[in-house]
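Please open the model in your viewer and keep the selection tool at hand. The stops below are meant to be visited in order.

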Amino acid sequence: MKMKSTEEKKPIPIEIQMIPLLLEWYKKEKRSLPWREATSVSNTQRAYHVWVSEIMLQQTRVEAVKPYYTRFLEALPTIEDLATVEEERLLKLWEGLGYYNRVRNMQKAAQVIMEDYQGEFPKEYEKVLALPGIGSYTAGAVCSISFGVPVPAVDGNVLRVISRVLAKDWDIAKQSVKTEVEQMLLETMPKDAPGEYNQALMELGATVCVPNGIAKCESCPVAHLCLAYKDGKVLQLPVKSQKKPRRIEEKTVLILKGQEQVALAKRPNKGLLAGLWEFPNMEGFLNTREVLDRLKEQGVFAIRIRELPMAKHIFSHVEWHMKGYLVQLDETEMKNLSKKSREKGDSLKEAKEYTYVSAKEIGAKYAIPSAFAAYKPYISN
Ligand code: SF4
């Protein structure tokens, strides 16, 4: 009988075999992106750049992020600038990206970095993870890319790639699965190139191992290792359980305008789009008569009203379905309302007490959430 040799080699796990292949592929194929360019900056600056780009990339596509990223860093080139900028200006810089709490948290984190770390971005993973608004993914990305700390950065792209390569039918919506993948990558992370490896995994997920059945397996550097490809399961993986259906809210949005000024209201300081400016709106779909009556109750008198197209905006848990009206106000009344709103300043307590500003001021100063994007063009026509 042949004795099993203790020398007999165990097969190298796929998750280890793929490391050099992905690093090699990434070196050749990586996209040139603004946050990957600045090599001659300090580690703190690099961490700041990676952090800004990662937070922005959590909410929109790479191409859409580029102009925001450039504009943001031109306006706030250092962590100190972010820590000290006035909130209204900060929100204006974020306008269009949505999830405004993320940038508010970035400012809080920048303030912690200024106070507790003398303006130097901490490089220890645990310290970065403890900053406001930074989760394991962002902490992993910043620490590995900026400081070479061997920690993983697991986002949806990475979960998809790993699930497919290992043909795992686990539910990637579950935190336990994310933790398991993080642990596996932590144990196998190449110590000499953690930032490159994390980016290689993300890049493969973003450009080759893409979702929705259009993965480009023929040009994938790890296709010969990939179990989903081998077993014909690429279309079935990854498995992601559906979230609860979104709640639908119906609203009537009003562009109340005189010749030059438009009414804005400030949202409450808590909840969805907290503290941001918005166009006046009312719950439910109202008809013309109902709108005019409601305005009258608020002491606002219209001389003309025109219905605008319907619009929809999707948040993570809620969907707004909106009906709009362009309401022309009497000029004499506009003057009174403007005077009143100037006297009240920004300390408006009730949504019905509007602030009247020009379209130019809106462009320069007031951040209007993209939920209202469909109605924004009507402020100047
Ligand atoms: Fe993804 Fe296809 Fe590459 Fe597998 S072979 S990792 S499914 S792109």
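Contact here means heavy atoms within 4.5 Å. The model is a predicted one, in which local features need pLDDT of at least 70 and side-chain atom pairs count only at pLDDT 80 or more, while totals for chains, interfaces and linings use all residues. Residues are numbered from 1 along each chain as its sequence is written, and side-chain values use heavy atoms, with hydrogens and water left out.

Select Ile 162 to begin. Neighbours within four places in sequence aside, Ile 162 is in contact with Met 18, Trp 170, Val 181, Met 184, Leu 185 and Leu 201.

Leu 185 is buried, at a relative accessible area of 1% (buried means under 20%, with a 1.4 Å probe and protein chains only). Not counting residues up to four places away in sequence, Leu 185 touches Pro 152, Val 154, Val 158, Ile 162, Tyr 197 and Leu 201.

Now widen the selection to the largest nonpolar core, which has 101 residues. Such a core is a set of buried Ala, Val, Leu, Ile, Met, Phe, Trp, Tyr and Cys residues joined through side-chain atoms within 4.5 Å. The residues with the most contacts inside this core are Trp 51, Phe 72, Phe 121, Ile 162, Leu 185 and Phe 279. Another core, of 14 residues, lies apart from it, with Ala 263, Val 291, Leu 295 and Tyr 356 among its members.

Technical notes. Buried < 20%, exposed > 50% of the residue type's maximum accessible area, 1.4 Å probe, protein only.
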